[in-house]
Amino acid sequence: MSEKKIIAVFGATGAQGGGMARAILADPDGEFAVRAITRNPQSEKAQELAKAGAEVVAADLDDRESLVKALQGAYGAFAVTNYWEYISVEREQTQIANLASASKAAGLKHVIWSTLPDSRDEIPVDNDRMPTLEGTYNVPHFDGKGEGNAYFTEAGVPTTFLNTTLYWEDFYTFFPVTRADDGKLALTVPMGERKLSGIAVDDIGGISLVIFKRGEEFIGKSLHIGGENLTGEQYAAQLSKTLGEEVVYRPMTFDAFRALGFPGAEDLGNMFQFYYETEKNFVGSRDTESLRKLYPGLQDFATWAEQHKDQFSV
């Protein structure tokens, strides 16, 4: 392992970081090794990574000095934060600043920062179309990350800004396919007739590995990624084929979604409204055919759905 360039992977026991770690570990003859950064090296997922060949190191995003220590000797890092753990832009901003500062202090050669667009660049925060949240944000879990890009730039960290999108895994977690009162399976995301860009979470890791391999080519660049851009009707049609039972598309209104009452419902309702109102730019910036040339393993929705059909609790 010592002969390989070390990639420190944040969130290694979670979704995106887990995908990044798996991509590197599945490339045994490659030039990189995984250093999985976690608050709890004794957790089951951390121990599974260790058994698979990862170096597991303890650090906390709230503790800059622990990050500097954990990054010593690493070539690069896959950096990601989890807004949903605390539902606080302020805390997430502190963590992003710590990541950027520690990356600079450790002398990393390449950081991939998993980010999202700041919705306020296209929809002014004083608009009357959606509620303003946490004081100055439309979509806090987007806007905070987009705002956080500046920490890496201002610190002079060699960074690739990886703009992700909705995970298809959300179709059985955050907003799952459910059985409606009439007995039919229903997909109820509030997207009207417009397209929603989605991606398999493991492909975020696969794309990131290619970026690390190609190195300087992507430093300072922003890359917008997605696996396929489909309407709600198209997603439902494919899920019908995959699950062997009709799935109907019944889009909610944005207001109805915001009113669901669970933590983050307003944020997610605003997110869907942002996807809807900026479809042309958001979907247009995710050219899946060009991305597939960069990363031939990119899955379309049908491929992903077939591999994950047992995850749907219907």
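**Entry 1: the E7-E10-E12 sheet**

I started with an open sheet of 3 strands, ordered E7-E10-E12, whose pairing is mixed. Two strands count as paired here if DSSP finds at least two bridges between them. The element names follow DSSP runs numbered from the N terminus: helices are H or I of at least four residues, strands are E of at least two. A note on the source: this is a predicted model, so local features need pLDDT of at least 70 and side-chain atom pairs count only at pLDDT 80 or more, while totals for chains, interfaces and linings use all residues. Residues are numbered from 1 along each chain as its sequence is written, and side-chain values use heavy atoms, with hydrogens and water left out.

I then looked up the edges of this sheet, which are strand E7 (166-167) and strand E12 (228-231), each pairing on one side only. Strand E10 (residues 195-199) runs antiparallel to E12, and 4 bridges join them.

**Entry 2: the E8-E9-E13 sheet**

I found another open sheet of 3 strands, in the order E8-E9-E13, again with mixed pairing. Strand E9 (residues 185-187) pairs with E13 in the parallel sense over 3 bridges, and I see Leu185 opposite Val247 of E13. H8 turns up here too: this helix (residues 232-243) lies across E9 and E13 and runs at about 175° to E13.

**Entry 3: H6 against H10**

How far apart are the axes of H6 and H10? I read 8 Å, with helix H6 (residues 140-155) and helix H10 (residues 265-277) packing at an angle of about 70°. The pair is therefore roughly perpendicular, a label that covers 65 to 115 degrees (under 35 is roughly parallel, over 145 roughly antiparallel, and the rest oblique). From H6 the contact uses Pro140, His141 and Phe142, and from H10 it uses Asp267, Leu268, Met271, Phe274 and Tyr275. I sorted these residues into 6 nonpolar, 1 polar and 1 charged. Nonpolar here is Ala, Val, Leu, Ile, Met, Phe, Trp, Tyr, Cys and Pro; charged is Asp, Glu, Lys and Arg; the others, Gly among them, are polar.

**Entry 4: cavity and pocket**

I worked on a 1 Å grid over the protein atoms alone: in a cavity a 1.4 Å probe fits but cannot get out, a pocket is an open set with protein on both sides within 12 Å along at least five of seven lines, and lining residues have an atom within 4 Å of a point. Points join across faces, edges and corners, and a volume is the space filled by probe spheres set on the points.

I count 1 cavity of 30 Å³ or more. The largest cavity has about 40 Å³, and its lining includes Asn82, Tyr83 and Arg91. H5 (89-105) gives the largest share of that lining, 3 residues.

The largest pocket holds about 1100 Å³. Of its 46 lining residues, Ala15, Gln16, Thr81, Asn82 and Tyr167 are closest to the centre. Among the elements giving two or more residues I noted H6, E7 and H10. The lining divides into 21 nonpolar, 17 polar and 8 charged residues.

How values were computed: Contact = heavy atoms within 4.5 Å. Axes fitted to C-alpha atoms, helices over the stretch in contact; angles between N-to-C directions.
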